[in-house]
Each structure stands twice: as structure tokens, then as C-alpha cells.
Amino acid sequence: MYTSTTSESVALTYDDIIFIARNRAYGAFDLRKQYRPTLSRALGLGIVLFLGALSAPTLYARFWPHASVTHDQSMTEVTLTKLAEPPVEPPISLPPPETAPAVNTVRNLPLIVMPEADVVDDTPPPTTEQLRDATSDTETAQGTGDVDIIAAPEASAPTVTEKALEVESKPEAPFVTVEQQPEYPGGLDALRAFLGKNLNYPRAAASAGVSGRVYVSFVVNTDGSLTDIQVLKGIGFGCDEEAVRVMQKMPHWRPGKQAGRAVRVKYNLPISFTLE
């Protein structure tokens with residue numbers, strides 16, 4: 001764009017038009033003037049570097065060629081030798097199969113009700129004395145006599161221990177959740193009173209300043225007795241053993257009930273050890 005001032009023509013650039021009424025001392029005007037030359041130089045430098053990177057392998061191979069590697073391709077004659085055939089072993093002769101011993105048999109055909117006119121064989125059935133030393137079969141035959149007859153042991157009356165084992169049944173698995181949970185006689189207040197009266201703080205735990213809760217698991221049987229007492233999570237220093245000792249000393253609970261029937265219930269109880 002050109003503008004005229006009196007008789008002279010002065011060429012104005014786009015940057016001159018933008019900064020006609022602005023202060024050019026802040027540096028923005030110089031930056032805009034130097035932007036295009038800087039961009040051109042950067043573009044040219046980038047192209048030169050890119051082309052140099054592409055031609056670097058070719059130039060390197062031209063000025064520093066690799067030493068040629070020679071391979072020895074000489075042939076070696078190999079003589080194959082036929083392996084000796086393995087000796088043929090004679091077949092193994094098997095002993096003749098042994099004949100199973102035979103037992104004495106007595107003819108004893110099944111009874112079939114037939115008309116009297118059709119009866120052809122009127123041989124009577126074997127007697128008890130004949131079957132004492134022989135077995136029942138369709139034909140009478142003489143055995144070899146080498147068969148050992150194994151007699152069944154005589155049945156004996158069961159002893160008291162065997163009767164107890166037969167009658168004894170496995171206890172049913174304890175419930176985890178029931179309609180009516182087991183309860184310490186007197187409720188939670190009575191349970192806290194029992195623990196406070198019988199629980200002794202271990203000396204090792206008191207010396208070490210250990211306090212916390214010992215979680216004990218046990219099973220309340222149908223008669224209220226406590227079994228399978230074990231520590232789920234303890235704090236050590238004798239507190240776990242003390243909690244088990246107190247649980248073993250505890251009186252019978254009121255058993256839990258399911259559908260109005262007393263059942264075995266698994267119960268978890270936290271026991272607190274607190275230093276005063």
C-alpha cells in the first residue's frame with residue numbers, strides 16, 4: 001500500500017500501518033519486523049539439517065568404507081558309514097496257561113412247572129449231603145480237588161464299643177446367624193461384670209504399656225457350653241492367653257435358637273485390655 005505526503009511517495013509496510021498511532025519503543029515493533037527473517041533462517045537451517053541427516057550414511061559409506069569380509073566356502077568331504085543292524089533277539093516263549101482248578105458240581109436244574117405228559121427228565125434235585133462237598137450246576141462233574149474253600153466268618157454279636165460307634169452321629173455344623181442369638185446369663189452387663197472380676201492384666205503387657213482388644217471366637221453348644229475357643233486377632237504379651245483362660249472359666253450361656261430349636265452357634269467376642 002502506498003500513501004502520498006506532499007510530493008513524495010513513502011512505502012509503508014503492514015507493521016508500519018499497525019504501529020502508526022502506537023509506541024514502538026516497547027519492542028513489539030522490532031519483534032514483528034524481525035519475525036519473517038528469523039523464520040526464514042530457521043526454516044533454511046532445518047532443511048539443511050534434515051538433508052544432512054539423510055545423506056550422512058551415504059557420505060560415511062563413501063569416505064569410510066567397511067572392510068570386506070571373506071567367507072571360507074571350502075567344501076569338506078564327509079564319508080557316511082552304515083550303522084550295524086541291531087541283533088535280532090529270539091522271541092520270548094511264554095509258559096502254557098495254567099488250567100484253573102475245577103470243583104465238584106451236582107446237577108441242579110431250575111424248577112419249571114410243566115404238564116406231566118411233557119416231563120422228560122425226572123431226576124430229583126440234589127440233597128443237602130450232595131451239596132456239602134459240591135456246588136450247584138447244570139451238569140454233574142468230578143472236580144480236581146485242588147480248590148481251597150474259604151468259609152465265611154461266623155457273625156459275632158457287636159461289642160459295646162461297636163454299638164456306641166454305630167449310634168454316635170457327627171455334630172452338625174455351627175450356625176453363624178440365627179433367629180435368636182446366644183446370650184450370656186444376665187445380659188451384656190453381667191458379661192462385663194464377669195470379665196472385670198476375672199480378667200487379670202498380664203504383667204508383660206502392663207510393663208510394655210500394651211493395650212487393645214483381643215477378638216475371641218467360640219461355639220455355643222445346644223446345652224450352653226463353650227467349645228472351639230480360639231483367638232482370631234490378638235495383641236500378644238500374654239493378653240491372648242488370658243482371654244482364652246477367662247473364656248474357659250465362663251459359665252454356660254443361653255443357647256441360640258433357629259425355628260424354635262436350640263442349635264450350635266459360632267460367636268465372636270472382643271475383650272478389651274485397657275491400662276488405667
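In strand S9, the bridge partner of arginine 213 is serine 272. Strands, like helices, are DSSP runs numbered from the N terminus (E, at least two residues, for strands; H or I, at least four, for helices). The model is predicted, so that local features need pLDDT of at least 70 and side-chain atom pairs count only at pLDDT 80 or more, while totals for chains, interfaces and linings use all residues. Residues are numbered from 1 along each chain as its sequence is written, and side-chain values use heavy atoms, with hydrogens and water left out.

The pairing of S5 and S9 is antiparallel and extends over nine bridges; two strands are taken as paired if DSSP finds at least two bridges between them. On S6, strand S5 (residues 212-220) is joined by five bridges, again in the antiparallel sense.

Most residues other than glycine have a negative phi. Aspartate 228 has a positive phi, near 55°, and is placed in strand S6. Phenylalanine 237 likewise has a positive phi, near 60°; this residue is found in the loop between S6 and helix H7 (239-249).

The second largest pocket has a volume of about 220 Å³. A pocket is an open set of points on a 1 Å grid over the protein atoms alone, where a 1.4 Å probe fits, with protein on both sides within 12 Å along at least five of seven lines; lining residues have an atom within 4 Å of a point. The volume is the space filled by probe spheres set on the points, which are joined across faces, edges and corners. The lining consists of Leu188, Leu191, Arg192, Leu195, Gly196, Leu269, Pro270, Ile271 and Ser272. Helix H5 (187-198) and S9 are the elements that give two or more residues to this lining, and H5 gives the most, with five. By class, the lining residues are six nonpolar, two polar and one charged; Ala, Val, Leu, Ile, Met, Phe, Trp, Tyr, Cys and Pro count as nonpolar, Asp, Glu, Lys and Arg as charged, and the others, Gly among them, as polar.

The chain averages a pLDDT (the predictor's confidence in each residue, from 0 to 100) of 78, and 72% of the residues score at least 70. Over residues 1-8 the pLDDT is below 50, and this stretch has eight contacts in the model beyond near neighbours in sequence, a contact being heavy atoms within 4.5 Å.
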